[in-house]
2 protein chains.
Amino acid sequence: MSLVVVGSVAYDGVETPHGRVERMLGGSCTYVALAASFFTKVGIVAVVGDDFCDADTDLLAGRGIDLAGLERVPGKTFFWSGVYSPDMNDRTTLRTDLNVFADFNPKLPESYRKQPYLLLGNIQPALQRAVRQQMKAPKLVGGDTMNYWITSARDELVETLHDWDFLLINDGEARQLSGKYNLRHAAQAIFEMGPKTLIIKRGEYGAILFRPEGHFIVPGYLLEDVFDPTGAGDSFAGGFFGYLAGCGLDLDAADADPGEIRRAVIYGSVMGSFCCEKFGVDRFRTLTRAEINARYNEFKQFTEF
Amino acid sequence: MSLVVVGSVAYDGVETPHGRVERMLGGSCTYVALAASFFTKVGIVAVVGDDFCDADTDLLAGRGIDLAGLERVPGKTFFWSGVYSPDMNDRTTLRTDLNVFADFNPKLPESYRKQPYLLLGNIQPALQRAVRQQMKAPKLVGGDTMNYWITSARDELVETLHDWDFLLINDGEARQLSGKYNLRHAAQAIFEMGPKTLIIKRGEYGAILFRPEGHFIVPGYLLEDVFDPTGAGDSFAGGFFGYLAGCGLDLDAADADPGEIRRAVIYGSVMGSFCCEKFGVDRFRTLTRAEINARYNEFKQFTEF
């Protein structure tokens with residue numbers, strides 16, 4: 001194993017203009033781990049209830065994901081449901097039942113603690129910090145957060161971010177966290193909080209990588225059909241960090257080869273785009289490394305001049 | 001002369017978070033012509049009133065723009081004023097006084113009619129068509145339109161588009177014109193209307209070039225400060241078409257070198273980004289070809305991987 005991923009493993013109910021699924025595997029940890037598993041060995045830290053299906057455990061295990069840190073406790077698995085707007089740019093949450101996730105207190109198996117890569121999914125900042133402290137000497141630590149924590153647990157979040165190498169958030173969150181509307185200025189303010197690598201996700205418009213020495217912008221992939229955008233941002237994170245972990249890279253070494261981290265952003269974009277092609281995690285059931293490589297080449301073709 | 005540009009020459013009153021200007025030179029034809037003048041010789045077709053200032057005529061003439069087609073009639077010049085939202089993504093029109101523009105009936109000077117390139121700015125589709133018919137055998141014809149004409153003069157617009165080589169519109173207009181939300185599908189529908197080259201402008205997110213053989217996406221330039229976005233789309237059009245005209249290219253020849261039309265899209269993006277750096281057309285007063293080339297290289301740097 002190489003990459004430890006912490007976050008939620010859940011069941012989702014989703015409705016998009018293309019259809020409706022009552023209950024399917026979801027959660028930030030699930031999407032990150034599945035996407036990253038195409039690039040590196042992954043171990044997850046999460047909690048599920050006694051209703052968690054064997055078929056879902058099998059899917060994760062089938063992708064070589066280490067489940068030693070997947071705690072199973074009495075009660076129900078985290079459940080979320082939502083409905084997307086006709087253009088799928090907005091979604092309304094219908095239900096959030098935290099269930100067993102309400103008392104999630106991540107404990108890392110001994111085998112996880114000496115791993116070089118740690119990705120902290122979008123959970124309470126204090127829990128992210130507690131997980132970070134259980135790791136021995138990770139080479140690279142980064143993660144995600146959301147508007148809810150920026151508003152309700154700002155001081156805790158700022159303290160938590162302090163020793164992260166990278167932060168992956170969307171443009172609205174970057175503006176909210178930094179208090180700056182202009183994204184160049186927002187990036188400067190976030191560098192001062194700790195992370196020296198910032199990836200701003202812009203949904204269908206792609207992503208921006210900010211580093212103190214400069215930035216890199218990649219447009220979003222134009223899909224023929226977006227079936228379900230759920231998990232696209234987490235799949236981006238998994239592709240990005242999975243690729244870096246697979247290369248054995250750390251971000252200081254990226255100073256020597258800035259191309260490697262740009263390629264990681266492309267692999268993130270590739271995985272985010274595949275995620276939207278089917279409901280939930282379905283696209284990852286059949287996806288191959290050859291398809292990933294072909295789409296990477298498409299990114300080259302439609303951006304180079 | 002090489003490129004004929006038809007559209008509005010106007011006075012604008014603009015308020016942005018950075019300040020307010022009561023009356024300054026504006027209009028689609030003005031921005032297109034100024035931007036294009038850095039790449040090729042331009043002649044304009046437009047109408048102004050007897051209040052049009054010599055200083056503004058001098059600015060245009062100083063950039064080598066042929067003013068033989070700039071009609072001056074009794075009355076006042078077209079006046080528009082508007083105020084931008086704090087994030088400058090929306091604007092509210094405060095006043096639109098068509099004045100002498102209400103009776104605009106473009107007549108091309110004889111010297112214009114044999115020119116190889118024609119750019120039809122955003123005016124009534126029937127007028128665009130009338131101008132097109134006055135040209136002898138242009139190598140390349142294209143232009144812009146807007147939601148107002150798509151709604152109120154759809155049949156006239158569709159008839160007008162029929163013999164255009166390219167169309168430059170924003171994403172909302174592309175969706176409205178085609179009736180398709182997905183931009184790939186929208187492009188297919190627009191190809192069937194005539195233009196085989198479609199450039200979709202996405203504001204701060206950049207632009208997409210669609211051609212039957214594939215597409216090219218360029219992200220927007222991240223400005224340190226956006227002073228005034230007025231005219232950015234027209235400056236894009238001027239940079240794009242000015243570059244093609246400067247190369248002597250036609251879009252059929254672009255099949256042989258698709259790189260040339262991609263570079264034209266970059267030059268469009270470069271000119272749109274410069275336009276936003278100062279109020280109105282002010283940035284074009286001091287801009288140099290060396291600055292344009294430097295920004296072109298910046299586009300390469302922040303997109304290549």
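**Exercise 1. A backbone angle**

In which loop of chain A is A:Asn99 found?

Solution. The model under study is predicted. A:Asn99 is found in the loop between β7 (91-97) and α3 (110-113) of chain A. Next, consider the backbone: A:Asn99 has a positive phi of about 50°, although it is not a glycine. Finally, consider the surface: with 31% relative accessibility, A:Asn99 counts as partly exposed.

At 32% relative accessibility, B:Asn99 counts as partly exposed.

**Exercise 2. The cover of a helix**

Determine how many residues of helix α1 (residues 28-36) of chain B are buried.

Solution. A residue is buried if its relative accessible area is under 20%. By this cut-off, nine of the nine residues of α1 in chain B are buried, and the helix is mostly covered. Among them are B:Ser28, B:Cys29, B:Tyr31 and B:Leu34.

**Exercise 3. Salt bridges within a chain**

Solution. Over all chains, the count comes to 30 salt bridges.

Step 1. The side chains of A:Glu22 and A:Arg20 meet at 3.3 Å, N to O. Both A:Glu22 and A:Arg20 are exposed.

Step 2. A:Arg129 forms a salt bridge with A:Glu159, and the closest N and O atoms are 2.9 Å apart. Because A:Arg129 lies in helix α4 (residues 125-134) and A:Glu159 in helix α6 (residues 154-161) of chain A, the pair ties together parts that are 30 residues apart in sequence. A:Arg129 is partly exposed, at 28% relative accessible area; A:Glu159 is also partly exposed, at 48%.

Step 3. In chain B, B:Arg263 forms a salt bridge with B:Glu260, with 3.0 Å between the closest N and O atoms. Both residues lie in helix α10 (residues 258-275) of chain B, three residues apart, or about one turn of the helix. An α-helix has 3.6 residues a turn, so residues three or four places apart point the same way. B:Arg263 counts as partly exposed at 23% relative accessibility, whereas B:Glu260 is buried at 14%.

Step 4. Salt bridges may also be linked: A:Glu277, A:Arg283, A:Glu291 and A:Arg295 form such a network.

**Exercise 4. The interface of the two chains**

How many residues does the contact take from chain A and from chain B?

Solution. The contact takes 34 residues from chain A and 34 residues from chain B. The area buried between the two chains is about 3,200 Å², of which carbon and sulfur atoms give 52%. On the side of chain A, the residues that lose the most area to chain B are A:Tyr205, A:Leu222 and A:Phe305, together 28% of what that side buries.

Next, examine the polar links. Two salt bridges are found across the interface of chain A and chain B. B:Glu224 forms a salt bridge with A:Arg184, the closest N and O atoms being 3.5 Å apart. Between the chains, 18 residue pairs are in polar contact.

Finally, assign the side of chain A to its elements. Those that give two or more residues include α7 (171-178), α8 (183-191) and α12 (289-303) of chain A. α12(A) gives the most, with seven residues. By class, this side has 15 nonpolar, seven polar and twelve charged residues.

Technical notes. Residues numbered from 1 in each chain as written. Chains lettered and ligands numbered in written order. Predicted model: local features only at pLDDT ≥ 70, side-chain atom pairs only at ≥ 80, totals over all residues. Heavy atoms only, no water. Helix = DSSP H or I, 4+ residues; strand = E, 2+ residues; numbered from the N terminus. Buried < 20%, exposed > 50% of the residue type's maximum accessible area, 1.4 Å probe, protein only. Salt bridge = Lys/Arg side-chain N within 4 Å of Asp/Glu carboxyl O. Contact = heavy atoms within 4.5 Å. Buried area = accessible area lost by both parts, 1.4 Å probe. Polar contact = N/O pair within 3.5 Å; in protein donor to acceptor, adjacent residues only side chain to side chain. Nonpolar A, V, L, I, M, F, W, Y, C, P; charged D, E, K, R; others polar.
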